[in-house]
Amino acid sequence: MQRVQGRAWRIRHQAETASTNADARAGAPGDVFTADFQTAGRGRLDHRWLSPPGANLLMSAVLSVGGLSPETVATLPLVAGLAVVRAVRALLAASPMAGAVRLKWPNDVLVGGRKVAGILCERQADLVIVGIGVNVNQRVFSPEIANKAISLGSVPGFSGSVPTVRDAVLDELGALDAVWRTQGFEAVYPDIRAVDALRGQTLAVRQTDEDRTPLRGLCGGIQSDGSLAVGGVRVYAGEAHVEQLGEGVP
């Protein structure tokens with residue numbers, strides 16, 4: 001058992017596994033499953049995620065959501081995203097890029113407009129598995145994402161390791177989970193809105209990969225119920241793409 005800022009987390013590490021989220025299905029609240037390498041890592045909408053062995057943080061934490069409404073539970077990915085934003089900003093405190101860390105609805109964290117982390121939450125009865133992947137030391141990305149991804153190790157001023165990133169994220173996740181659970185999403189919403197990467201951008205939001213008629217419009221940002229306002233419509237699920245670049249583009 002390991003304590004990170006007073007909260008007890010049980011770290012269960014493997015050199016290789018199919019998926020830490022799959023491993024976490026057998027876990028209990030407070031269990032954290034990590035691995036150096038995943039053979040079947042996934043992102044949202046069942047996108048495959050490949051990570052070189054030992055290069056990045058591959059982690060799934062088990063949280064209890066018993067007694068919480070479905071509407072509250074649906075906001076947990078954003079709460080986890082804020083935890084990663086705070087952790088990354090702290091880790092980049094010596095870098096001018098610290099102020100360029102943003103949360104992209106619904107589940108990505110960006111540094112300077114490029115993706116450094118992603119979150120995948122899966123509910124199982126009264127538990128939620130919070131899967132978090134953070135690019136730490138990966139230097140080479142596939143051609144299709146090379147101009148969209150970034151690793152902490154390539155940001156000037158970063159001097160951490162995968163365990164350092166893990167502990168920083170768990171520190172923030174534990175603290176935010178306690179506030180969110182007892183005070184609700186409204187208690188953390190102002191901080192989430194402050195790091196919203198998409199507000200003010202023109203977006204296309206696809207509900208699935210096969211969505212041929214995405215919703216397009218000006219983004220009003222993340223709303224107090226966790227949805228994203230696009231063209232005056234609230235969107236509760238999907239993948240947002242910036243169509244027209246402007247100030248503060250992610």
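**View 1. Lining of the second largest pocket by residue class.** By class, 14 nonpolar, five polar and four charged residues make up the lining of the second largest pocket in this predicted model. The lining comprises 23 residues, and those nearest the pocket centre are Val73, Ala74, Pro77, Cys121 and Tyr236. Helix H2 (70-73), H3 and strand E7 (114-124) are the elements that each give two or more residues to this lining. The largest share, five residues, is contributed by E7. The space in the second largest pocket amounts to about 440 Å³.

**View 2. Crossing of helices H3 and H4.** Helix H3 spans residues 76-91 and helix H4 spans residues 162-183; their axes come within 8 Å and cross at roughly 135°. Angles over 145 degrees count as roughly antiparallel and those from 65 to 115 as roughly perpendicular; H3 and H4 are therefore oblique to each other. The crossing in which H3 passes H4 is right-handed.

**View 3. Residues in contact between H3 and H4.** On the H3 side, the contact is formed by Leu76, Val79, Ala80, Leu82, Ala83, Val84, Arg86, Ala87 and Leu91. These residues meet Thr164, Val165, Ala168, Val169, Glu172, Leu173, Leu176 and Trp180 in H4. Sorted by class, the contact of H3 with H4 has 14 nonpolar residues, one polar residue and two charged residues.

**View 4. The cis peptide bond between Trp105 and Pro106.** Trp105 and Pro106 are joined by a cis peptide bond, for which omega is about 0°. Pro106 is located in the loop between strand E5 (101-104) and strand E6 (108-111).

View 5. Ala125 has a phi near 55°, which is a positive value in a residue other than glycine. The position of Ala125 is in the loop between E7 and strand E8 (127-134). E7, on one side of this loop, is also the element with the largest share of the lining of the second largest pocket.

Key
Residues numbered from 1 in each chain as written. Predicted model: local features only at pLDDT ≥ 70, side-chain atom pairs only at ≥ 80, totals over all residues. Heavy atoms only, no water. Axes fitted to C-alpha atoms, helices over the stretch in contact; angles between N-to-C directions. Helix = DSSP H or I, 4+ residues; strand = E, 2+ residues; numbered from the N terminus. Parallel < 35°, antiparallel > 145°, perpendicular 65-115°, else oblique. Left-handed = near helix turned anticlockwise from the far one by under 90°. Contact = heavy atoms within 4.5 Å. Nonpolar A, V, L, I, M, F, W, Y, C, P; charged D, E, K, R; others polar. 1 Å grid on protein atoms, 1.4 Å probe; cavity = no way out; pocket = protein on both sides within 12 Å on 5 of 7 lines; lining within 4 Å. Points joined across faces, edges and corners; volume = space filled by probe spheres on them.
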